[in-house]
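Open the model in your viewer and keep the selection tool ready. We will go stop by stop.

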Amino acid sequence: MKINLLLISGVFLVSACQNKEQAQVETLEKEVMMIHDAVMPKMGELVVLEGSISKKITQLDSLLQITPNDTTFQQSLNQSLQLASKLRKADEDMMNWMHEYKGDSLKKLPAPQAIQAFTQEKITIEQVSDDMLKSIEQAQNFIKQYTKNQ
(Lines give C-alpha, C1' and ligand atoms only; values in the text may rest on other atoms or scores of the structure.)
Protein backbone atom coordinates (compact mmCIF):
# COMPACT_ATOMS: atom_id res chain seq x y z
CA MET A 1 0.00 0.00 0.00
CA LYS A 2 2.80 2.39 0.90
CA ILE A 3 4.56 1.54 -2.37
CA ASN A 4 1.42 2.33 -4.40
CA LEU A 5 0.99 5.64 -2.59
CA LEU A 6 4.64 6.44 -3.17
CA LEU A 7 4.37 5.60 -6.89
CA ILE A 8 1.23 7.70 -7.30
CA SER A 9 2.88 10.62 -5.51
CA GLY A 10 5.89 10.29 -7.78
CA VAL A 11 3.73 10.30 -10.89
CA PHE A 12 1.93 13.46 -9.76
CA LEU A 13 5.23 15.14 -8.95
CA VAL A 14 6.72 14.33 -12.37
CA SER A 15 3.52 15.44 -14.07
CA ALA A 16 3.48 18.74 -12.17
CA CYS A 17 7.11 19.43 -13.14
CA GLN A 18 6.40 18.63 -16.79
CA ASN A 19 3.37 20.94 -16.80
CA LYS A 20 5.45 23.73 -15.26
CA GLU A 21 8.19 23.28 -17.87
CA GLN A 22 5.65 23.17 -20.69
CA ALA A 23 4.08 26.40 -19.40
CA GLN A 24 7.54 27.98 -19.41
CA VAL A 25 8.06 26.86 -23.02
CA GLU A 26 4.74 28.44 -24.03
CA THR A 27 5.54 31.67 -22.17
CA LEU A 28 8.96 31.96 -23.82
CA GLU A 29 7.48 31.31 -27.25
CA LYS A 30 4.89 34.06 -26.69
CA GLU A 31 7.59 36.48 -25.49
CA VAL A 32 9.70 35.78 -28.60
CA MET A 33 6.74 36.41 -30.89
CA MET A 34 5.69 39.55 -28.99
CA ILE A 35 9.14 41.05 -29.52
CA HIS A 36 9.05 40.14 -33.20
CA ASP A 37 5.51 41.43 -33.66
CA ALA A 38 6.36 44.72 -31.95
CA VAL A 39 9.32 45.51 -34.19
CA MET A 40 8.23 43.94 -37.50
CA PRO A 41 5.94 46.87 -38.45
CA LYS A 42 9.04 49.09 -38.32
CA MET A 43 10.50 47.28 -41.35
CA GLY A 44 8.60 49.58 -43.70
CA GLU A 45 10.02 52.63 -41.96
CA LEU A 46 13.50 51.11 -42.09
CA VAL A 47 13.22 50.60 -45.87
CA VAL A 48 12.02 54.20 -46.37
CA LEU A 49 14.95 55.46 -44.31
CA GLU A 50 17.36 53.33 -46.35
CA GLY A 51 16.04 55.08 -49.46
CA SER A 52 16.34 58.53 -47.89
CA ILE A 53 19.89 57.88 -46.73
CA SER A 54 20.77 56.53 -50.16
CA LYS A 55 19.53 59.79 -51.73
CA LYS A 56 21.61 61.78 -49.23
CA ILE A 57 24.68 59.73 -50.19
CA THR A 58 24.10 60.51 -53.86
CA GLN A 59 23.63 64.23 -53.12
CA LEU A 60 26.69 64.41 -50.92
CA ASP A 61 28.77 62.50 -53.44
CA SER A 62 27.74 65.00 -56.14
CA LEU A 63 28.56 67.94 -53.88
CA LEU A 64 31.98 66.46 -53.16
CA GLN A 65 32.64 66.21 -56.89
CA ILE A 66 32.19 69.98 -57.05
CA THR A 67 33.98 70.81 -53.78
CA PRO A 68 36.26 67.85 -53.00
CA ASN A 69 37.93 69.50 -50.02
CA ASP A 70 34.73 70.30 -48.12
CA THR A 71 35.18 68.49 -44.81
CA THR A 72 31.55 69.05 -43.77
CA PHE A 73 30.29 67.23 -46.86
CA GLN A 74 32.88 64.50 -46.36
CA GLN A 75 31.86 63.99 -42.72
CA SER A 76 28.18 63.89 -43.69
CA LEU A 77 28.93 61.39 -46.43
CA ASN A 78 30.85 59.16 -44.03
CA GLN A 79 28.02 59.33 -41.50
CA SER A 80 25.48 58.55 -44.25
CA LEU A 81 27.48 55.52 -45.36
CA GLN A 82 27.68 54.24 -41.77
CA LEU A 83 23.94 54.71 -41.27
CA ALA A 84 23.15 52.99 -44.56
CA SER A 85 25.28 50.06 -43.44
CA LYS A 86 23.53 49.87 -40.05
CA LEU A 87 20.09 50.00 -41.67
CA ARG A 88 21.02 47.29 -44.17
CA LYS A 89 22.42 45.09 -41.39
CA ALA A 90 19.29 45.55 -39.27
CA ASP A 91 17.14 44.61 -42.26
CA GLU A 92 19.28 41.56 -43.04
CA ASP A 93 19.35 40.45 -39.40
CA MET A 94 15.54 40.50 -39.19
CA MET A 95 15.17 38.64 -42.47
CA ASN A 96 17.74 36.05 -41.39
CA TRP A 97 16.07 35.59 -38.00
CA MET A 98 12.65 35.08 -39.59
CA HIS A 99 14.10 32.63 -42.10
CA GLU A 100 15.90 30.63 -39.41
CA TYR A 101 13.23 30.73 -36.70
CA LYS A 102 11.56 27.33 -36.33
CA GLY A 103 9.14 27.78 -33.45
CA ASP A 104 7.03 24.75 -34.37
CA SER A 105 10.09 22.50 -34.32
CA LEU A 106 11.33 23.97 -31.05
CA LYS A 107 8.00 23.21 -29.34
CA LYS A 108 8.46 19.53 -30.22
CA LEU A 109 11.74 19.30 -28.31
CA PRO A 110 11.78 17.93 -24.76
CA ALA A 111 10.82 20.78 -22.43
CA PRO A 112 14.31 21.48 -21.02
CA GLN A 113 15.78 21.73 -24.52
CA ALA A 114 12.84 23.81 -25.75
CA ILE A 115 13.30 26.21 -22.84
CA GLN A 116 16.98 26.59 -23.71
CA ALA A 117 16.24 27.07 -27.42
CA PHE A 118 13.44 29.61 -26.88
CA THR A 119 15.61 31.49 -24.39
CA GLN A 120 18.30 31.77 -27.06
CA GLU A 121 15.72 32.87 -29.64
CA LYS A 122 14.50 35.53 -27.24
CA ILE A 123 18.03 36.85 -26.76
CA THR A 124 18.57 36.90 -30.53
CA ILE A 125 15.30 38.67 -31.41
CA GLU A 126 15.86 41.20 -28.62
CA GLN A 127 19.23 42.05 -30.20
CA VAL A 128 17.67 42.27 -33.67
CA SER A 129 14.96 44.54 -32.28
CA ASP A 130 17.43 46.76 -30.44
CA ASP A 131 19.64 47.09 -33.52
CA MET A 132 16.66 47.93 -35.73
CA LEU A 133 15.26 50.56 -33.39
CA LYS A 134 18.66 52.12 -32.80
CA SER A 135 19.50 52.33 -36.51
CA ILE A 136 16.07 53.81 -37.27
CA GLU A 137 16.48 56.44 -34.56
CA GLN A 138 19.98 57.36 -35.71
CA ALA A 139 18.85 57.66 -39.34
CA GLN A 140 15.85 59.80 -38.39
CA ASN A 141 18.07 62.11 -36.33
CA PHE A 142 20.58 62.41 -39.16
CA ILE A 143 17.90 63.24 -41.72
CA LYS A 144 16.36 65.86 -39.39
CA GLN A 145 19.77 67.40 -38.75
CA TYR A 146 20.75 67.28 -42.42
CA THR A 147 17.43 68.84 -43.50
CA LYS A 148 17.71 71.58 -40.83
CA ASN A 149 21.22 72.50 -41.93
CA GLN A 150 20.27 72.97 -45.58
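Start with the whole chain. Buried residues make up 30% of its 150 residues; buried means under 20% relative accessible area, exposed over 50%, and partly exposed in between, with a 1.4 Å probe and protein chains only. This is a predicted model, in which local features need pLDDT of at least 70, side-chain atom pairs count only at pLDDT 80 or more, and totals for chains, interfaces and linings use all residues. Residues are numbered from 1 along each chain as its sequence is written, and side-chain values use heavy atoms, with hydrogens and water left out.

**Colour by secondary structure.** You will see five helices and zero strands. Helices (H or I, at least four residues) and strands (E, at least two) are DSSP runs, numbered from the N terminus.

**Colour by pLDDT.** This is the predictor's confidence in each residue, from 0 to 100. The chain averages 89, and 87% of the residues score at least 70. Confidence is highest in helix H3 (residues 71–100), at a mean of 96, and lowest in helix H1 (residues 2–39), at 74. Contact means heavy atoms within 4.5 Å.

**Select Lys56.** You are in helix H2 (residues 42–66). Which residues does Lys56 touch, not counting those up to four places away in sequence? Show Ser80, Phe142 and Tyr146. Lys56 is buried yet has no salt bridge. Asp61, the nearest side chain of opposite charge, is 15 Å away. Here Lys and Arg count as positive, Asp and Glu as negative; His and the chain ends are not counted.

**Select Glu29 and Lys107.** Their side chains meet in a salt bridge at 3.4 Å, N to O. The term requires a side-chain nitrogen of Lys or Arg within 4 Å of a carboxyl oxygen of Asp or Glu. Glu29 sits in helix H1 and Lys107 in helix H4 (residues 103–107), 78 residues apart. Glu29 is buried, at 17% relative accessible area; Lys107 is partly exposed, at 36%.

Shared partners join Glu29, Asp104 and Lys107 into one network. Asp104 is exposed, at 56% relative accessibility.

**Finish at Trp97 and Tyr101.** The structure holds one aromatic pair. Trp97 and Tyr101 are stacked, 4.7 Å centre to centre with 20 degrees between the planes. Rings of Phe, Tyr and Trp (its six-membered ring) pair if their centres lie within 6.5 Å; planes under 30 degrees apart count as stacked, over 60 as edge-to-face and the rest as tilted. Trp97 is buried at 6%, and Tyr101 is buried at 15%.
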